[in-house]
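Visitor: I am new to protein models. Could you show me how to read one, feature by feature?

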Amino acid sequence: MTSIGKVATTESRGVDWRVELERDALLPGQLAKAHVRLEARRDIEARGLVAALIGTEHWQFQRTTSNGKTTQTVTVTEHDELRRVPVALLGPTSLLKGEVREIDFEMPVPPLGPASLEMTVTGLKWDLEVKLDVPNGMDSAIVIPVRVLQPTALLRAGVVRVGQFALFEAADGATEGARGTLEFEPVPLCVGSGFTGRLTIETDRPHKLQELRLEIRVRAKATVSNGLEEEVTLWTGRLVDEGELPAGSRIIEFAGDLPPFDLPTIELPHGRTDATVHLILARPWARDPHVVRDVAICSTTEI
C-alpha cells in the first residue's frame, strides 16, 4: 500500500498548530518522523509539550435486559485505549503572544502494533496527539488520525494466529463432486496490491453453472460474550461464464487487485479477523457448492 506525507492544522485554546508527517502509514518497530509548528495567540505557561501515539480498540456485543415483563436487546459498542506511546518534546515552557516554536521529532511505533483495522464489530484506530500540558487549565492539542500497518514479517513469524494453510502458496479443498487446488502469489496477500493465482479443478461429473466465481472474504468477530460478527467480500473474480463445466481436470489462471482498505489478519484483546478464499460453483435453482481455503492478509510488504 502506498504511503504519502500528511499535513494537519488546527487552532486549539489559543494556539495555532501545524504538524507534518513524513508518511501517512507507520511501520511497526520503526520511527515515524514528524515536524510540529505552534504559534501562541496569547501568553501561555505549560508544564511541557508532549507527543503521543495512541491506539484505541472498539468492539460490539449485544446486551439483553429485562424488567420482568419485557425484554430488550441492544447493541453496545465499547472502547479501550490499548496503547499510548508518549515522547516529551519540551519541558516547562513559557510562550508569549505571537511566539512560534518549531520542532522535529520521531515517534517510536510499537514493534507488534497492533495494526489499524477498519471493521464495525471490532477494530483499532491510531491517533498522533501533540499537546501543551497546561496546569490549572485546559490543554491545547492537535490530534491526527494515522495508520499502523500489518507487515508480512509479523504474520510469517507467527505473532498472529492464522488458518492452518493460510501461509501456504497452494492449498486443497473439496465440495460436492469437485476438488480444487488454489495457489496464490504473493503469500500473504496484501491490501492495495495485486496478486496472481492458479486454480486446478477436478470434477467427477459435468456441472451446469451460472458461473465459476472466486471471492476473498474477511470475517471479523468480537471475541467477547455475545460478541457480534461481520463479513466483507474484499475481492470477487469470475473465472468461468455461464455454461457447462465438463468432467475432468482443468487449470485456470487468474489475477486481481485488493482494495486499499485496512482489513489485515489480526488479533486484538477483544476481537480478531480471519480471511478465506471461496471458490463458488454457482448453480441455477440449487445450493452453490463452495471450495474454501484459508489465506492471510497483510497491509504492507515493506518489512
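Predicted model: local features only at pLDDT ≥ 70, side-chain atom pairs only at ≥ 80, totals over all residues.

Visitor: Which residues touch the most other members of the largest nonpolar core?

Guide: In soluble globular proteins, nonpolar side chains tend to be buried together. A nonpolar core is a set of buried Ala, Val, Leu, Ile, Met, Phe, Trp, Tyr and Cys residues joined through side-chain atoms within 4.5 Å. Buried means under 20% relative accessible area, exposed over 50%, and partly exposed in between, using a 1.4 Å probe and protein chains only. Here the largest core has 73 residues, and Val130, Phe184 and Ile216 touch the most other members. Contact means heavy atoms within 4.5 Å. Setting aside neighbours within four places in sequence, Ile216 has contacts that include Phe184, Leu189, Trp235 and Ile297. A second, separate core has six residues, among them Ala166, Cys190, Ala296 and Cys298.

Visitor: What lines the largest cavity?

Guide: Rolling a probe the size of a water molecule over the atoms shows where empty space is left. On a 1 Å grid over the protein atoms alone, a cavity is a set of points where a 1.4 Å probe fits but cannot get out, and lining residues have an atom within 4 Å of a point. Grid points are joined across faces, edges and corners, and a volume is the space filled by probe spheres set on the points. By this rule there is one cavity of 30 Å³ or more, and the largest has a volume of about 30 Å³. Its lining consists of Leu21, Leu26, Ala32, Ala34, Leu53, Met107 and Leu128.

Visitor: Is Glu215 buried or exposed?

Guide: Glu215 counts as buried because its relative accessible area is 9%. Glu215 sits in strand 17, residues 211-222; strands (E, at least two residues) are DSSP runs, numbered from the N terminus. The side chain of Glu215 makes a polar contact of 2.8 Å with that of Arg213, and another of 2.8 Å with that of Arg217. A polar contact is a pair of N or O atoms within 3.5 Å; within protein, one must be able to donate a hydrogen and the other to accept it, and residues adjacent in sequence count only if both atoms are side-chain atoms.

Visitor: And where does Pro92 lie?

Guide: Pro92 is in the loop between strand 7 (71-90) and strand 8 (93-95). With a relative accessible area of 78%, Pro92 is exposed. Beyond its neighbours within four places in sequence, Pro92 contacts Ala46, Arg47 and Gly48.

Visitor: Which peptide bonds are cis, and which residues have a positive phi?

Guide: Most residues other than glycine have a negative phi, and most peptide bonds are trans. A cis bond joins Gly113 and Pro114, with omega about 0 degrees, and another runs from Glu185 to Pro186, with omega near 5 degrees. Arg13 has a positive phi near 50 degrees and is partly exposed at 44% relative accessibility. Asn136 has a positive phi near 55 degrees, and at 86% relative accessibility Asn136 is exposed.

Key. Residues numbered from 1 in each chain as written. Heavy atoms only, no water. 1 Å grid on protein atoms, 1.4 Å probe; cavity = no way out; pocket = protein on both sides within 12 Å on 5 of 7 lines; lining within 4 Å. Helix = DSSP H or I, 4+ residues; strand = E, 2+ residues; numbered from the N terminus.
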